Amino acid sequence: MPTVTIDDIQVEVEQGATILDAANKAGVWIPTLCHHPAVTPQATCRICMVELDRGEWKQLVTACNYPVRRDITVSVSGDNAVKARRGVMEFMLARAPDNEQLKAIAGRMGVDSTPWPTVTVAQRDCILCGLCTAVCDEVLGLAAIGFSGRGVDRAVAAPFRQAPDDCIACGACQAVCPVGTIQLRLHEDTDEIEISPFKARAKLRKCEQCGARVVSEPTAAEALKNVNVDWEKIRNLAKLCPKCRRIRAAESLAATASGTPTKEMTR
Amino acid sequence: MTEKTTTRDELIEDIIDRYDGETGMLIPMMQDLQTECGYLPADELRRLAERLDLPVSRLYAVATFYSSFRLAPKGLHEVTLCIGTVCYLKGAGRISEAICSEFQVEPGGTTPDGLFSYLPVNCVGACALAPVMIVDGEYHDGVSVDAAMEILRTLPAEEIDSEQEAQT
Ligand code: SF4
Ligand code: FES
C-alpha cells in the first residue's frame with residue numbers, strides 16, 4: 001500500500017485512493033464543494049487544491065480526484081496550496097456573496113471577503129460545481145437539468161429554461177447542492193412540490209395512514225419501477241410515510257412474536 | 001398538424017440517416033437542422049434527442065454552448081459585434097450594453113419585433129478597425145456607441161434582399 005505524507009503525517013492508503021481519502025485518514029481537513037460520494041468526481045470547483053511534491057518540481061492538484069499510485073508527499077497547509085485555495089474561494093464568494101454555507105467554509109479557510117465584483121443577481125449563488133446535474137444524470141439517469149451557455153453565461157438550467165419534462169421532482173439535486181442554491185418549495189394549496197429554480201412541479205404522495213406528505217408521485221412511481229418483485233406488500237408500504245411504515249412493520253413483528261407467524265414481516 | 005408532424009419527423013430521420021445515427025455526430029446533425037430550419041426549434045431538438053436516446057438537456061447544453069447555434073428564428077437583419085480584446089478595450093462592451101437595452105435583445109437573440117438578430121463574437125480578425133460592427137455582412141469600423149445605435153435605428157424594417165439574407 002502506498003504511503004502518503006500529508007503535512008508530515010504519514011498514512012497508508014489503498015492503491016487508487018484519492019489524496020482526499022488519505023487526508024481524511026490523516027485527520028487533515030481539506031475543503032471540498034463539488035465532492036460527493038454519490039457521483040463520480042467532478043473536480044470542477046478546485047477548492048481542494050493541494051501541492052504535490054514531485055522532487056524537482058511541485059504541482060497543484062485537486063485532492064478529491066487525484067489517485068494515489070505510489071508513495072507521495074503532499075502539502076495542504078503550505079503557502080502555495082493555501083494561497084491557491086483562498087484564491088478560488090474569493091472567486092466563489094463573488095458568485096455567492098451572501099451564501100451562509102459558503103461563508104462558513106470560507107471562514108474556516110481564513111477568507112472573509114472577496115476583492116472581486118459580485119456577479120449579477122440572476123447568476124447569484126450557484127458555484128457551478130455540477131453536482132446537481134451529475135446526480136440527475138448518473139444516479140437518476142434522467143439528466144433533466146444540465147448546463148447551459150458558457151463562460152460568464154454558464155448556468156445550470158432545464159432545457160429551454162422551461163419546466164423540465166424529465167424531472168420527477170425527487171429532490172436529489174437539492175440534497176447534493178453544497179451551497180443550498182436549489183430549493184424545495186411546498187405548495188400547500190395544490191399539494192405540490194416545486195424544485196426551484198427549475199420550475200419543476202409534481203404532486204406529492206400522502207401517507208395513507210397519517211396523511212403526511214412523503215415523496216412526489218413521479219418519484220414513487222420511478223422507485224416502484226425498479227422493484228422487480230411485484231409484491232402487493234411493497235406497493236402497500238409505498239403508500240405510507242416512513243414512520244407509519246415502521247409502525248406497521250413493528251406490528252407485524254409483534255404478531256410473529258406472539259406466535260402468529262405472518263408473511264407480512266418486514267425490516 | 002398531422003402533415004407538419006410527418007414532415008418534421010421525416011426531416012429528423014433524414015438528418016440522422018446522413019450520419020448513420022452516430023450520436024458522436026450530434027453537432028453536425030444540429031448544424032444540419034439549423035441549416036434546414038434557419039434556427040433550432042425546440043420541438044425538433046426534442047425529437048432529435050428522443051431518436052438518439054440522448055437527454056434533451058445534453059442538446060440544449062450544446063446548443064447554448066456554441067454561439068453559432070440559435071434557438072430563436074433569425075431576425076430580418078443580422079448584427080454581429082466584435083467583442084474581442086481590442087474591440088472590447090475600445091468600447092465594444094458599452095456598445096453591446098446599449099444594443100441590448102435599447103432593442104431589448106439578448107446576446108445571441110433576436111429583437112422582439114424581429115428586426116435583427118444580435119450576435120457578439122470573439123474577434124473577427126479586424127483589430128485595426130476596432131471596434132467593429134458587422135451589419136448584414138457590411139463592416140462598420142471604429143464605431144462609437146452613438147454611431148452604432150444610429151446605424152441600427154435606421155435599419156429598414158422591410159426585407160430588401162431576401163436571397164442575401166438566407167445565407168451565412
Ligand atoms: S445549483 Fe448547486 S449543485 Fe448545482 S451546480 Fe450550482 S452549486 Fe452546484
Ligand atoms: S472538491 Fe475537489 S475540485 Fe471540487
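This is a predicted model: local features need pLDDT of at least 70, side-chain atom pairs count only at pLDDT 80 or more; totals for chains, interfaces and linings use all residues.
1. The domain assignment of chain B gives two parts, domain 1 covering 3–65 and domain 2 covering 77–166, and the centres of these two domains, taken over C-alpha atoms, are separated by 29 Å.

2. As to secondary structure, chain B has seven helices and four strands, and reading along the sequence gives the pattern α-α-α-α-β-α-β-β-β-α-α. The C-alpha trace of chain B spans about 50 × 35 × 25 Å along its principal axes.

3. For chain A, the domain assignment gives domain 1 as 3–109 and domain 2 as 131–204, with 28 Å between the C-alpha centres of domain 1 of chain A and domain 2 of chain A. The contact between them draws twelve residues from domain 1 of chain A and ten residues from domain 2 of chain A.

4. What is the area buried between domain 1 of chain A and domain 2 of chain A, and what percentage of it do carbon and sulfur atoms give? The area comes to about 860 Å², and carbon and sulfur atoms give 59% of it. Between domain 1 of chain A and domain 2 of chain A the count of salt bridges is zero, whereas two residue pairs, both at pLDDT 80 or more, are in polar contact. On the side of domain 1 of chain A that touches domain 2 of chain A, the residues divide by class into five nonpolar, six polar and one charged.

5. Turning to the interface of the two chains, 13 residues of chain B are in contact with 16 residues of chain A. Chain B and chain A bury about 1,200 Å² between them, and 57% of this lies on carbon and sulfur atoms.

6. How many salt bridges are counted between chain B and chain A? The count is two, and a salt bridge is formed by Arg46(B) with Asp165(A), whose closest N and O atoms are 3.5 Å apart. Across the interface of chain B and chain A there are also five residue pairs in polar contact, with both residues at pLDDT 80 or more.

7. Which helices of chain B each supply at least two residues of the side that touches chain A? They are helix H3 (42–52) and helix H4 (56–65) of chain B, and the largest share of that side, seven residues, comes from H4(B). By class, the side of chain B that touches chain A is made up of eight nonpolar, three polar and two charged residues.

8. Ligand 1 is surrounded by 13 residues, of which the closest are Cys126(A), Cys129(A), Gly130(A), Cys132(A) and Cys177(A).

9. Some points of backbone geometry deserve a check by eye. Most residues other than glycine have a negative phi, and most peptide bonds are trans. In chain A, a cis peptide bond with omega of about 10 degrees joins Ser196(A) and Pro197(A), and Pro197(A) has its place in the loop between strand S9 (192–196) and strand S10 (200–206) of chain A. In chain B, the peptide bond from Ala130(B) to Pro131(B) is likewise cis, with omega near -10 degrees, and Pro131(B) lies in the loop between strand S2 (116–121) and strand S3 (133–135) of chain B.

10. Where does Ala143(A) lie? Ala143(A) is found in the loop between helix H4 (131–139) and strand S6 (146–148) of chain A, and its phi is near 50 degrees, a positive value in a residue other than glycine.

How values were computed
Residues are numbered from 1 along each chain as its sequence is written. Chains are lettered from A and ligands numbered from 1 in the order in which they are written. Side-chain values use heavy atoms; hydrogens and water are left out. Domain bounds come from an automatic or database domain assignment. Contact means heavy atoms within 4.5 Å. Buried area is the accessible area (1.4 Å probe) that two parts lose on being put together, summed over both. A salt bridge is a side-chain nitrogen of Lys or Arg within 4 Å of a carboxyl oxygen of Asp or Glu. A polar contact is a pair of N or O atoms within 3.5 Å; within protein, one must be able to donate a hydrogen and the other to accept it, and residues adjacent in sequence count only if both atoms are side-chain atoms. Ala, Val, Leu, Ile, Met, Phe, Trp, Tyr, Cys and Pro count as nonpolar, Asp, Glu, Lys and Arg as charged, and the others, Gly among them, as polar. A residue is near a molecule or strand if one of its heavy atoms lies within 4 Å of it.
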